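I opened this structure to see how its parts hold together. My notes follow in the order I looked things up.

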Amino acid sequence: MMPPGVDPLLFFRTVVKNLPMTAAMGTWANYELSRDLSLSIRDREILIDRTCARCGCEYEWGLHIAYFAERARLVPEQIASITHGGAHDPCWTDERDRVLIRTADALHDHATIDTELDEQLRAEFADDQLLDIYMLCGWYHAISFTTNAAGVALEPGAATFADHRPG
């Protein structure tokens with residue numbers, strides 16, 4: 001699950017205790033982080049970071065912030081907002097970003113999307129992208145639940161929620 005010569009992440013060292021599950025997870029995880037996903041890296045990371053933050057999963061959130069936030073063009077104010085704020089924060093100037101945050105929140109809070117949000121999503125995303133959005137949020141709920149419940153320690157060098165408190 002890691003490139004040659006790189007030690008496995010603590011999460012992988014945890015889930016490998018169930019090899020059939022780990023093998024099944026690998027296929028889906030590879031898709032969610034691949035170029036085959038119909039979302040941009042920015043869209044993907046906003047959804048993952050918000051979902052993990054809402055689940056209180058500092059482990060997975062911290063890895064994604066450390067490794068992908070810069071590539072996703074997330075600025076410090078946006079990282080703080082994803083973690084401690086919301087779609088209404090002034091750092092979000094793009095409606096697409098705000099809709100993604102509201103979507104992650106709605107799925108977290110209600111496990112569904114209401115009519116108004118569905119209309120906003122459909123104005124920004126195609127059907128295949130909507131399915132990727134819903135499954136990506138669900139996948140990172142599962143990762144967050146597993147990581148939190150298994151008590152996986154933070155990785156060295158990963159971001160922490162405290163590192164990204166609002167100004």
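Helices here are DSSP runs of H or I with at least four residues, strands are runs of E with at least two, and both are numbered from the N terminus. This is a predicted model: local features need pLDDT of at least 70, side-chain atom pairs count only at pLDDT 80 or more, and totals for chains, interfaces and linings use all residues. Residues are numbered from 1 along each chain as its sequence is written, and side-chain values use heavy atoms, with hydrogens and water left out.

**Entry: Phe68**

I began with Phe68 and found it in helix α4. Is Phe68 buried or exposed? I took buried as under 20% relative accessible area, exposed as over 50%, and partly exposed as in between (1.4 Å probe, protein chains only). Phe68 is buried, at 17%.

Next I asked what sits over the ring of Phe68. The charged end of Arg44 does, 4.8 Å from the ring centre. The test asks for NZ of Lys or CZ of Arg within 6 Å of the ring centre and within 35 degrees of the ring normal.

I also checked Phe68 against Pro4. The two are 64 residues apart in sequence, and their C-alpha atoms are 20 Å apart in space.

I then searched the whole structure for aromatic pairs and got two. Rings of Phe, Tyr and Trp (its six-membered ring) pair if their centres lie within 6.5 Å; planes under 30 degrees apart count as stacked, over 60 as edge-to-face and the rest as tilted.

**Entry: salt bridges**

How many salt bridges does a search of the whole structure find? I counted a side-chain nitrogen of Lys or Arg within 4 Å of a carboxyl oxygen of Asp or Glu. The search finds 11.

I looked at Arg122 in two of its contacts. Its side chain meets that of Asp118 in a salt bridge, 3.1 Å from N to O. Both residues are in helix α7, four residues apart, so about one helical turn separates them. Arg122 also forms a salt bridge with Asp127, where the closest N and O atoms are 2.9 Å apart.

Arg122 is partly exposed at 46%. Asp118 is partly exposed at 22%. Asp127 is exposed at 53%.

I moved on to Glu124, which forms a salt bridge with Arg96; the closest N and O atoms are 4.0 Å apart. Glu124 lies in α7 (residues 115-124) and Arg96 in α6 (residues 95-110), so the pair ties together parts that are 28 residues apart in sequence. Glu124 is partly exposed, with a relative accessible area of 28%.

I also recorded a network: salt bridges link Arg50, Arg54, Asp105 and Asp109.

**Entry: helix packing**

Two packed helices are described by the angle between their axes and the distance between the axes. Axes are lines fitted to C-alpha atoms, for helices over the stretch in contact, and angles run from 0 to 180 degrees between N-to-C directions.

I looked up α6 and α7. They pack at about 135°, with axes 10 Å apart. That makes α6 oblique to α7. Angles under 35 degrees count as roughly parallel, over 145 as roughly antiparallel, 65 to 115 as roughly perpendicular and the rest as oblique. The crossing of α6 and α7 is left-handed. Left-handed means the near helix is turned anticlockwise from the far one by less than a right angle; clockwise is right-handed.

Then I took α7 with α8 (residues 127-150). The angle is about 125°, and the axes are 9 Å apart. That makes α7 oblique to α8. Their crossing is right-handed.

**Entry: loops**

Most residues other than glycine have a negative phi. I found Arg73 with a positive phi of about 60°, although it is not a glycine. Arg73 is in the loop between α4 (58-68) and α5 (76-84), and it is exposed at 56%.

Ala111 also has a positive phi of about 60° without being a glycine. Ala111 lies in the loop between α6 and α7. At 64% relative accessibility, Ala111 is exposed.

My last stop was Ser38, in the loop between α2 (19-32) and α3 (41-54). Ser38 is partly exposed at 23%. How far apart are Ser38 and Asp128 in sequence and in space? They are 90 residues apart in sequence and 6.9 Å apart in space, C-alpha to C-alpha.
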